[in-house]
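Subject: Handover of a model, with notes on what was found

Dear colleague,

Please find the model below, handed over for your own work. My notes come after it, and I would be glad if you read them with the coordinates open.

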Amino acid sequence: AAVCTVRVAQIVKQAWWLLYHLFDNHPAWHVSFSANYIGKNKFDTITHEEIKNRTEEKNWLASTATFSVAKLQEYLLQKKGQTENLRPIHCVTDTQWSTLTPPLNEIEFDRSIPKGNTPDGRDYSWFDTGVLEQQLTQDEIDTVIITWVATDYCVGQTALDAVAKGYTTYVVSDAIEGVAPETSETMKQTCTAKWIIFITTDELEHILVSSLGRSTSVSKKVK
C-alpha cells in the first residue's frame, strides 16, 4: 500500500492535481489508547454504560491518562453507540509514530491537515472537524482520491463523508490497508453501495493519461 501510495502521488502530481496529507496527531494520553486504562487491552471496548457510575476516586484510569472520568463520560455519551474501540498507541505527536516513513516521506504534499490532536479528539473522518471541507472549498475541489490507512476506519469514513457531501470519490484499492480483513471488507461493501468508486493504481494512471491527452488543462483535484 505504501509503494502504491507513492506511485499515486507521482501520477497525480504529473496531472497538476493537489496532494493533501491528512494525518492523526495524537497526544500520548489520548482517550482511545488502551494504555490509558487499567485492565484494558488494545482492541477492547469501553462503553458509557460501563463507566457511567465511576468516580474520580475509583476511576480505573492509568497514571498516563490526563482526562478525567467526567470528561470520558461526556465523551462516550456523545459518541454514536456510546462505545469507544480502544487502540494501541499510534500517531503520537513528536515521536516516530507521527512521521512518515520511507517511501512515504518522499512525497511532496501541497496541504497538510492534522486531526485528533486533543485528548478526546477521535474523529475517523477528516470531514468531522470542518477544516478539510473548508480547504477543499477554497481550492475549488470537486473530486477526491483517497489512499493509505486504515480502510476500515479513516479511509472508509472519509470516503463516505466525501460522497455524502457531493464529491466524486475514488479509493485506490491497491494503495490502502486495513486494520482487520473482516472490517475492511465490510467497509468496502458499504462504500461501494454508496457509489464510491474503487480503482487500481494502473486504472488511475490510465484515466489521467487519457485526460491529459484530450486537454491541455486539468481541473484541480485532491488526494
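This is a predicted model: local features need pLDDT of at least 70, side-chain atom pairs count only at pLDDT 80 or more; totals for chains, interfaces and linings use all residues.

Residues are numbered from 1 along each chain as its sequence is written, and side-chain values use heavy atoms, with hydrogens and water left out.

**Pocket and cavity**

Rolling a probe the size of a water molecule over the atoms shows where empty space is left. On a 1 Å grid over the protein atoms alone, a cavity is a set of points where a 1.4 Å probe fits but cannot get out, whereas a pocket is an open set with protein on both sides within 12 Å along at least five of seven lines, and lining residues have an atom within 4 Å of a point. Grid points are joined across faces, edges and corners, and a volume is the space filled by probe spheres set on the points.

The largest pocket has a volume of about 1100 Å³ and is lined by 46 residues, of which L22, W126, W148, V149 and A150 lie nearest its centre. At least two lining residues each come from strand 1 (20-24), helix 4 (131-138), strand 5 (143-149) and helix 5 (151-164), where helices (H or I, at least four residues) and strands (E, at least two) are DSSP runs numbered from the N terminus. Strand 5 gives the largest share of this lining, 6 residues. By class, the lining of the largest pocket holds 28 nonpolar, 11 polar and 7 charged residues, with Ala, Val, Leu, Ile, Met, Phe, Trp, Tyr, Cys and Pro counted as nonpolar, Asp, Glu, Lys and Arg as charged, and the others, Gly among them, as polar.

A search of the whole structure finds 1 cavity of 30 Å³ or more, and the largest cavity holds about 30 Å³ of space. Its lining consists of T151, V155, G156, V171, M187, K188, C191 and F198, and the elements giving two or more residues to that lining are helix 5 and helix 6.

Helix 6 (residues 181-193) has 13 residues and reaches 18 Å from its first C-alpha to its last, close to the 18 Å expected at 1.5 Å a residue; the expected span is 1.5 Å times one less than the number of residues. The buried residues of helix 6 are S184, M187 and C191, where buried means under 20% relative accessible area, exposed over 50% and partly exposed in between (1.4 Å probe, protein chains only). Seen down the axis of helix 6, these buried residues fall within an arc of 65°, so they line one face of the helix; the arc is that of the directions from the helix axis to the C-beta atoms. On the other side of helix 6, P181, E182 and A193 are exposed. Helix 5 and strand 7 (197-199) are among what covers the buried residues of helix 6, contact meaning heavy atoms within 4.5 Å.

In helix 3 (residues 69-78), the buried residues are V69, L72, Q73, Y75 and L76. Their arc, seen down the axis of helix 3, is within 165°, so they line one face of the helix. They pack against strand 2 (45-47), helix 2 (48-51) and strand 3 (83-85).

H21, in strand 1, is buried with a relative accessible area of 17%, and H21 touches L100, F109, R111, S112 and I113, not counting residues up to four places away in sequence.

Most residues other than glycine have a negative phi, and most peptide bonds are trans. The peptide bond from P102 to P103 is cis, with omega near 5°, and P103 lies in the loop between strand 3 and strand 4 (111-115). A cis bond also joins V149 and A150, with omega about -10°. W148, in strand 5, has a positive phi of about 80° although it is not a glycine, and W148 counts as partly exposed at 28% relative accessibility. Phi of Q82 is also positive, near 55°, and Q82 sits in the loop between helix 3 and strand 3.

With best wishes
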